[in-house]
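Me: I am new to this structure and would like to go through it step by step. Could you show it to me before I ask my questions?

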Amino acid sequence: MKIAVFATKPYDRRFLDEANRRPGHQLTYFEPRLDLSTAPLAKGFDAVCVFVNDRLDTATLKALAGDGVRAVALRCAGYNNVDLRAAEALGLTVIRVPAYSPEAVAEFTIALLLSLERSIPRAWARVRENNFALEGLIGRNLSGRTVGVVGTGRIGALVARSMLLGFGCRVLAYDVVQDPELVEIGVRYVDRDELLRGSEIITLHCPLTPETRHIIDARALDLAPSGVTVINTSRGALIDTPALIAALKSGKVAGVALDVYEQEGDLFFEDLSNEIVQDDVFQRLLTFPNVLITGHQAFLTQEALTAIAETTLAGLSEIDAGRTPANRVSSDSLRPAA
Ligand code: NAD
């Protein structure tokens, strides 16, 4: 299959080339993200392979289909950046990587939480300047605190388990479906408002859908207890960032760790260290001493990159052979699970 691979970095190429030894697809790498302006690069290819910040709206999909593309392979789990109904109407098969390494994201979530709660990045910056003073670095134990997990799928379940069994936290959960194994170990499912009211730490692991967009907004932050910590390694638009900034300024929110940001498409994955960043909301976030931000790297482990490359190419091989791949995403996926 001839595949146009968009938004690629050297590490994507390395892992895709390695995984492609056996299927032997014809991979052509493009640095830019796929959107309407870059869609002509895919002319003559059978499939496009994209990542989290490529924009596959109706116009882009129409351009791709018109140029002969018949499949879209997402190198990620989330599919909020693809208009699935338009893809279906145009006869484009969309595949994703549903579970490349939930451990990678769950472990990173906990790493962020610990780093934030114990001020590790600030401490490291001080020590590098021979400043060994401890003032301002007082942390809080995780043990005994209540963690609210929003979305207990593959990643959220691992986080819930670790917090409960590993750190001795109480765990509240909110999801449209319950995981009986989590209930068995002592995770308590509650409704959304009860989770918000009762959680000292809120961690987001649900997908971005119309229902979950801005699930953490001014109202949600009002309900949360004073001193709440908010962690988001899922999708940026789960949080209304200006509302979060207001809650940080008032002191309602004691700490925030983010691996994702609503407008990250204009920033993340690029070296902008010589640029003047125009996003004032993001720049304000960076000024808080109790905010820790990483640039969408929770997935970035060798294990995850290997799994992403292998699953993506295997799915494309299935399409090439005329079969329906197990990792196909249809517009049915947009409906919340029963
Ligand atoms: P998953 O599909 O296994 O789990 C998602 C869970 O959210 C499911 O249990 C689902 O029932 C629940 N859910 C759906 N709608 C909901 C709603 N309205 N309210 C509450 N819960 C709802 O997905 P996963 O593999 O655990 O991944 C979770 C998210 O993490 C993905 O959607 C993706 O956006 C994000 N992610 C981020 C990175 C990263 O590098 N930062 C990497 C992988 C995934």
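Reply: What follows covers the domains, their interface, some salt bridges and one serine. Please keep in mind that this is a predicted model.

Me: Thank you. Which residues belong to domain 1 and which to domain 2?

Reply: The domain assignment gives domain 1 as residues 2-100 + 302-325. Domain 2 is given as residues 102-293.

Me: What distance separates the centres of domain 1 and domain 2?

Reply: Taken over C-alpha atoms, the two centres are 30 Å apart.

Me: And how many residues are in contact between domain 1 and domain 2?

Reply: On the side of domain 1, 12 residues are in contact with 11 residues of domain 2. The area buried between the two domains is about 990 Å². Carbon and sulfur atoms give 49% of that area.

Me: How many salt bridges does the rule find across that interface?

Reply: The rule finds 1 salt bridge between domain 1 and domain 2. There are also 6 residue pairs in polar contact across the interface. As for the classes of residue, the side of domain 1 that touches domain 2 has 7 nonpolar, 3 polar and 2 charged residues.

Me: Let us move to the whole structure. How many salt bridges does a search find there?

Reply: A search of the whole structure finds 12 salt bridges. One of the salt bridges is formed by K9 and E270, with the closest N and O atoms 3.2 Å apart.

Me: Which residue forms a salt bridge with R21?

Reply: The partner of R21 is E18, and their closest N and O atoms are 3.2 Å apart.

Me: Is R21 buried or exposed?

Reply: R21 is exposed, as its relative accessible area is 66%. E18, at 47% relative accessibility, counts as partly exposed.

Me: What about R70, which residue does its side chain meet in a salt bridge?

Reply: The side chain of R70 meets that of D320, at 3.6 Å from N to O. R70 lies in the loop between α2 (58-66) and β4 (71-74), whereas D320 is in helix α12 (residues 302-320), so this pair ties together parts that are 250 residues apart in sequence. R70 counts as partly exposed at 34% relative accessibility, and D320 counts as partly exposed at 39%.

Me: Next, E117. Which residue forms a salt bridge with it?

Reply: E117 forms a salt bridge with R140, the closest N and O atoms being 3.5 Å apart.

Me: Is E117 buried or exposed?

Reply: E117 counts as buried, because its relative accessibility is 7%, under the 20% cut-off. R140 is partly exposed, with a relative accessible area of 34%.

Me: And which residues do salt bridges with shared partners join into one network?

Reply: Such salt bridges join E117, R140 and R145 into one network.

Me: A last topic: where is the place of S331?

Reply: S331 is in the segment after α12. At 12% relative accessibility, S331 counts as buried.

Me: Which residues does S331 touch, not counting those up to four places away in sequence?

Reply: With those left out, S331 touches L84, R85 and E88.

Notes
Residues are numbered from 1 along each chain as its sequence is written. This is a predicted model: local features need pLDDT of at least 70, side-chain atom pairs count only at pLDDT 80 or more; totals for chains, interfaces and linings use all residues. Side-chain values use heavy atoms; hydrogens and water are left out. Domain bounds come from an automatic or database domain assignment. Contact means heavy atoms within 4.5 Å. Buried area is the accessible area (1.4 Å probe) that two parts lose on being put together, summed over both. A salt bridge is a side-chain nitrogen of Lys or Arg within 4 Å of a carboxyl oxygen of Asp or Glu. A polar contact is a pair of N or O atoms within 3.5 Å; within protein, one must be able to donate a hydrogen and the other to accept it, and residues adjacent in sequence count only if both atoms are side-chain atoms. Ala, Val, Leu, Ile, Met, Phe, Trp, Tyr, Cys and Pro count as nonpolar, Asp, Glu, Lys and Arg as charged, and the others, Gly among them, as polar. Buried means under 20% relative accessible area, exposed over 50%, partly exposed in between (1.4 Å probe, protein chains only). Helices (H or I, at least four residues) and strands (E, at least two) are DSSP runs, numbered from the N terminus.
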